[in-house]
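Here are my notes on this entry. Please read them with the structure open.

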Amino acid sequence: MTGTKRSSEGLDTRRRKLLFRSWHRGMREMDLILGSFADAEIGALTGDEIDQYERLLDIPDTEFLPLITGERAVPPDIDCAVLQKILASRRTMTF
């Protein structure tokens with residue numbers, strides 16, 4: 001079970017892969033955070049935002065989760081529009 005509520009139907013190949021990667025991180029907390037974000041936003045992200053999201057998904061969960069939860073400050077080199085969208089969506093999530 002992935003948890004996804006969104007079909008990948010209608011998405012281009014790159015977006016389909018990113019949706020899958022979002023739900024299959026390896027750490028369940030990150031699956032829920034990034035998978036839920038991708039379900040809601042993957043179809044609307046611009047090309048530049050897709051590039052940003054892809055770079056963010058390359059960050060290992062053990063480094064990324066503390067940034068998402070606020071335990072560590074976000075380094076300027078990864079602070080971007082998509083990360084801000086993820087952080088905003090995180091504040092409104094309920095599990």
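1. The expected span of a helix is 1.5 Å times one less than its number of residues. The model here is predicted. By that rule, the 12 residues of H5 should span 16 Å, and the end C-alpha atoms of H5 are 17 Å apart, which agrees.

2. On confidence: the mean pLDDT of the protein is 90, and 91% of its residues reach 70 or more. Among the elements, helix H5 (residues 81–92) has the lowest mean pLDDT, 91. Helix H3 (residues 47–57) has the highest, 97.

3. Which residues of H5 are buried? They are Val82, Leu83, Ile86, Leu87 and Ser89. These residues lie on the same side of H5, because they cover an arc of only 165° around the axis. H2, H3 and H4 are among the elements that cover them. The face turned away from the buried side of H5 carries Arg91 and Thr92, both exposed.

4. Look at serine 89, in helix H5. Its relative accessible area is 18%; buried means under 20%, so serine 89 counts as buried. A polar atom of the serine 89 side chain lies 2.8 Å from the backbone oxygen of isoleucine 86.

5. The largest nonpolar core has 26 residues. Tyr53, Leu56, Phe64 and Ile86 touch the most other members. Helices H1 (13–23), H2 (28–41), H3, H4 (61–69) and H5 each supply at least two residues of this core. H2 gives the most, with five.

6. Leaving aside residues up to four places away in sequence, isoleucine 86 touches Ile33, Leu34, Phe37, Tyr53, Leu56 and Ile68.

Note on methods:
Residues numbered from 1 in each chain as written. Predicted model: local features only at pLDDT ≥ 70, side-chain atom pairs only at ≥ 80, totals over all residues. Heavy atoms only, no water. pLDDT = per-residue confidence, 0-100. Helix = DSSP H or I, 4+ residues; strand = E, 2+ residues; numbered from the N terminus. Buried < 20%, exposed > 50% of the residue type's maximum accessible area, 1.4 Å probe, protein only. Polar contact = N/O pair within 3.5 Å; in protein donor to acceptor, adjacent residues only side chain to side chain. Core = buried A, V, L, I, M, F, W, Y, C linked by side-chain atoms within 4.5 Å. Contact = heavy atoms within 4.5 Å. Arc of directions from axis to C-beta.
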